[in-house]
Amino acid sequence: MSGTAQLPDGGIYIDDRDEASLVVSGRTGGWDIIHDKQTREWIRNGGTGPLSHDQADRLHARGLLTRSGATRGTSATVSLGDRILAPRHQMRRYPVLCVFHVHNWCNLSCTYCYTMADKVTRNRLGADLMIKAVDELVSGDLPTTCLEFHGGEPTMALHDIRRVVLHAEDVYRKAGKNVSFSIQTNGYRLSDECCSFLAEHDFSVRVSLDGDRATHNSARLNHAGRGSYDGVVAGITKLRSFGIVPHAVAVLHRANRDKITQMYDAMVDLGVASVRFLPVFKGGEMKDDSLWLNGREYFEAKWDLIEHILDRAARGLPTPILPNLVSGELGALTSFLRRYMCLRQPCGAGSNMVCIDDNGDLYPCEEMAGISEFRIGNLNHDTILDAFATPIVQHLRGRITAAIDGCRDCPWRQFCAGGCSHKSHTEFGDLRHGSEHCAYYQQIFRALLWLEHDRPGSWQVLGAQPGDLYASQEARQWH
């Protein structure tokens, strides 16, 4: 087969291993691991020579072949003259997720907190202002909204949260729409009243917990300088007694990366639903970069954990998933449709989510709160819709890897989406710079692709959803 079939422009990455070749298109986000000798030679020769119809069909479905002027890819695939067959992107111009920073104080004093700072003025968002946001959100054209409560420690504002939740349930019910609730808490000494309320209103609860007692207590301290582990475990136990299975969120840094598997086991033993390992942020209470992991270090720690989880599964032990990274990364490998907003181009900041800080300031993303360059308004006198029309949001919506030096020629740019714009701004002073964790992304996607080839079923253990690049339910969504 020739003439109308060719490799898509924009660069093909080939990784040969024995009798197989991993082929990735940086332009489309397509990939395949190919064993057929004829197809491997066709690709190595730049898309010239004979190719069977069956192989052409497969490569086209995988985004590795342009046929009759059409190429499959993600919604961020840049056209170079051919027609892009991309799944309908879930890009929104109005948030499906609203994060409230209810106040800026806390009953703990963690050493690497990114929301707290010394000698700041105490601010409280208050129920009235949150209700104003709810009334605007329910009037939009979206059928569902998630309201998420952060702090400081949000459970210390339970009275305000209760008012907002009851109001939201009422107005969304009257509008014939759905609203859900989540909360990020340190879980420290939660009361029966709090746990009962969270259970009654079906909250998704994420608890900050750094593994076992020693690791957790090394950084998560109360205001007397003592470790908070026992109080957090008591909170998790109480949540479970009220029927809530919380999700654990751990901060990963240079001092605990060698303990990541022990941290995972300790959290799993507490019966959590999932475990998130987030790399420590630069900024906040961390005064230098001593704890920060570079991309290589972050990959090595995460890969140790992946191998550990697969070993646990082989031994019949529980293996709660890693719900953002790695399962979000697997979503980028198993579909052209980017469901995880942090790996979209553009990402969900200012499109799918909004954050309202403790003083009413509006930000495109929760991680951007408190950074003046990302402030897009204030809820006391602006609407969310007006804030979404500001230049910074338009700038964020234009952030795609095709416009980023160092990304546009990378074979993995359609998978990592250039990393987090907030972190690029923090590290390089430019939100349209590539990721500070490029080395991580360049290794993790390649490793995950070969992992499933070498050990089939691994992706399912790690939380991959059913389906693949050419699942019938996705094919119906192509433009």
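Helix α15 has 17 residues and spans 25 Å from its first C-alpha to its last, close to the 24 Å expected at 1.5 Å a residue. This is a predicted model, so treat what follows as a tour of computed geometry.

- The buried residues of α15 are Y440, Y441, I444, F445, A447, L448, L449, W450 and L451.
- An open sheet of three strands runs in the order β2-β3-β4, and its pairing is antiparallel.
- β2 (12-17) and β4 (31-34) are the edge strands, each with a single partner, so one side of each has no neighbour in the sheet.
- From one strand to the next, the twist averages 15°.
- Between β2 and β3 (residues 20-25), which run antiparallel, there are six bridges, and I12 sits opposite S25 in β3.
- Helix α15 (residues 438-454) packs on this sheet and touches β2, β3 and β4, with its direction at about 140° to that of β3.

**Helix α10**
- Seven of the eight residues in α10 (residues 327-334) are buried, so this helix is mostly covered.
- The buried ones are S327, G328, E329, L330, A332, L333 and T334.
- Their cover includes β4, α13 (413-416), α15 and α16 (458-461).

**T145**
- T145 belongs to strand β9 (residues 144-150).
- Its relative accessibility is 3%, so T145 counts as buried.
- The side chains of T145 and Y172 make a polar contact of 2.9 Å.
- Leaving aside residues up to four places away in sequence, T145 touches V96, L137, Y172, N178, V179 and S180.

**Salt bridges**
- The structure holds 26 salt bridges.
- D170 pairs with K174, with the closest N and O atoms 3.2 Å apart; both lie in helix α4 (residues 158-174), four residues apart, about one turn of the helix.
- D170 is partly exposed at 24% relative accessibility, while K174 is exposed, with a relative accessible area of 66%.
- D210 and R220 form another salt bridge, their closest N and O atoms being 3.3 Å apart.
- D210 is in the loop between β11 (204-208) and α6 (213-217), and R220 is in the loop between α6 and α7 (229-241), ten residues apart; both D210 and R220 are buried.
- R312 bridges to D265, the closest N and O atoms being 2.8 Å apart.
- R312 is buried, at 6% relative accessible area.

Notes: Residues numbered from 1 in each chain as written. Predicted model: local features only at pLDDT ≥ 70, side-chain atom pairs only at ≥ 80, totals over all residues. Heavy atoms only, no water. Pairing = 2+ DSSP bridges. Helix = DSSP H or I, 4+ residues; strand = E, 2+ residues; numbered from the N terminus. Axes fitted to C-alpha atoms, helices over the stretch in contact; angles between N-to-C directions. Contact = heavy atoms within 4.5 Å. Expected span 1.5 Å × (residues − 1). Buried < 20%, exposed > 50% of the residue type's maximum accessible area, 1.4 Å probe, protein only. Polar contact = N/O pair within 3.5 Å; in protein donor to acceptor, adjacent residues only side chain to side chain. Salt bridge = Lys/Arg side-chain N within 4 Å of Asp/Glu carboxyl O.
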